[in-house]
Amino acid sequence: MKVEAALAFGGNIGDPVAAFAAALKGLREHSSVTLGRLSSIYRTPPWGKTDQPEFLNMAALVETTLQPADLLAFCLELERAGGRERRERWGPRTLDIDILTYGDAIIDQARLQIPHPRIPERAFVLTPLAEILPQRRIGGRSVTELLAAATDETIRRDDVATDRLKALLAA
């Protein structure tokens, strides 16, 4: 049975748009994943560790028959293929892919928490997610309601990056 999952993408070193495109193509090519709606790309200030370049962030919906742990493993594989090196928490990265939601599943394991536990406090996740899944309820509140409580005026849509991503995915 296919389950809809929401994924968050982020990156701030190298070429995040190209990394997003490569990962999205990898998802699209996986036999157990159907790529769905994509948000625009947003420029966002760093979070957690603030002495680094701003990030590009976006969200994507997929339908998958992969179990949550297998989807996570595949996302981690895509990160590694995109040059991700885990050196420091919240540090610079070429590509980060988080599973935000997986159907209505609630999972609380050491390496996998769904819904992602920090969604409500991260406008850089909520802004793109609200574009593609505004009425999705997380913790009893819609993504739109969560975003209204966490709005950050420094987050801005990057039309050039969004158009470039569309062109890379069409190639």
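Trainee: Is Arg 43 buried, partly exposed or exposed?

Mentor: Arg 43 is partly exposed, with a relative accessible area of 28%. Please keep in mind that this is a predicted model.

Trainee: Which residue does Arg 43 meet in a salt bridge?

Mentor: The side chain of Arg 43 meets that of Glu 54, at 3.0 Å from N to O. Arg 43 belongs to strand 3 (42-44), whereas Glu 54 sits in the loop between strand 3 and strand 4 (55-64), so the pair ties together parts that are eleven residues apart in sequence. Glu 54 counts as partly exposed, at 31% relative accessibility.

Trainee: And what does Arg 156 meet in a salt bridge?

Mentor: Arg 156 forms a salt bridge with Glu 54, with an N to O distance of 2.9 Å. Here the parts tied together are 102 residues apart in sequence, because Arg 156 lies in strand 10 (residues 156-157) and Glu 54 in the loop between strand 3 and strand 4. Arg 156 is partly exposed, at 38% relative accessibility.

Trainee: How many salt bridges are there in the whole structure?

Mentor: The search finds seven. One of them joins the side chains of Asp 104 and Arg 136, at 4.0 Å from N to O. This pair links distant parts of the chain, 32 residues apart: Asp 104 is in the loop between strand 5 (96-102) and strand 6 (107-108), and Arg 136 is in the loop between helix 3 (123-132) and strand 8 (137-138). Asp 104 is exposed, with a relative accessible area of 71%.

Trainee: Which residues do salt bridges that share partners join into one network?

Mentor: The network consists of Arg 43, Glu 54, Arg 156 and Asp 158.

Trainee: Changing topic to the strands: how many residues of strand 1 are buried?

Mentor: Eight of the nine residues of strand 1 (residues 3-11) are buried, so this strand is largely enclosed by the rest of the structure.

Trainee: Do strand 1 and strand 4 run parallel or antiparallel?

Mentor: They run antiparallel, and nine bridges join them. One example is Gly 11, whose bridge partner in strand 4 is Leu 56.

Trainee: What about strand 1 and strand 5: how many bridges join them?

Mentor: Six bridges join strand 1 to strand 5, and these strands run antiparallel. Leu 7 stands opposite Ile 99 in strand 5.

Trainee: Now the helices. At what angle do helix 1 and helix 5 pack?

Mentor: Helix 1 (residues 16-29) and helix 5 (residues 159-170) pack at about 40°, and their axes are 9 Å apart. That angle makes helix 1 oblique to helix 5. Their crossing is right-handed. Among the residues that make the contact are Phe 20, Leu 24 and Arg 28 of helix 1, with Arg 164, Leu 165 and Leu 168 of helix 5.

Trainee: Is the crossing of helix 3 and helix 4 left-handed or right-handed?

Mentor: The crossing of helix 3 and helix 4 is left-handed. The axes of helix 3 and helix 4 (residues 143-150) come within 9 Å and cross at roughly 140°. The two helices are therefore oblique to each other.

Trainee: Which residues meet there?

Mentor: In helix 3 they are Ala 123, Leu 126, Thr 127, Leu 129 and Ala 130, which meet Val 143, Leu 146, Leu 147 and Ala 150 in helix 4.

How values were computed:
Residues are numbered from 1 along each chain as its sequence is written. This is a predicted model: local features need pLDDT of at least 70, side-chain atom pairs count only at pLDDT 80 or more; totals for chains, interfaces and linings use all residues. Side-chain values use heavy atoms; hydrogens and water are left out. Helices (H or I, at least four residues) and strands (E, at least two) are DSSP runs, numbered from the N terminus. Buried means under 20% relative accessible area, exposed over 50%, partly exposed in between (1.4 Å probe, protein chains only). Two strands pair if DSSP finds at least two bridges between them. Axes are lines fitted to C-alpha atoms, for helices over the stretch in contact, and angles run from 0 to 180 degrees between N-to-C directions. Angles under 35 degrees count as roughly parallel, over 145 as roughly antiparallel, 65 to 115 as roughly perpendicular and the rest as oblique. A crossing is left-handed if the near helix is turned anticlockwise from the far one by less than a right angle, and right-handed if clockwise. Contact means heavy atoms within 4.5 Å.
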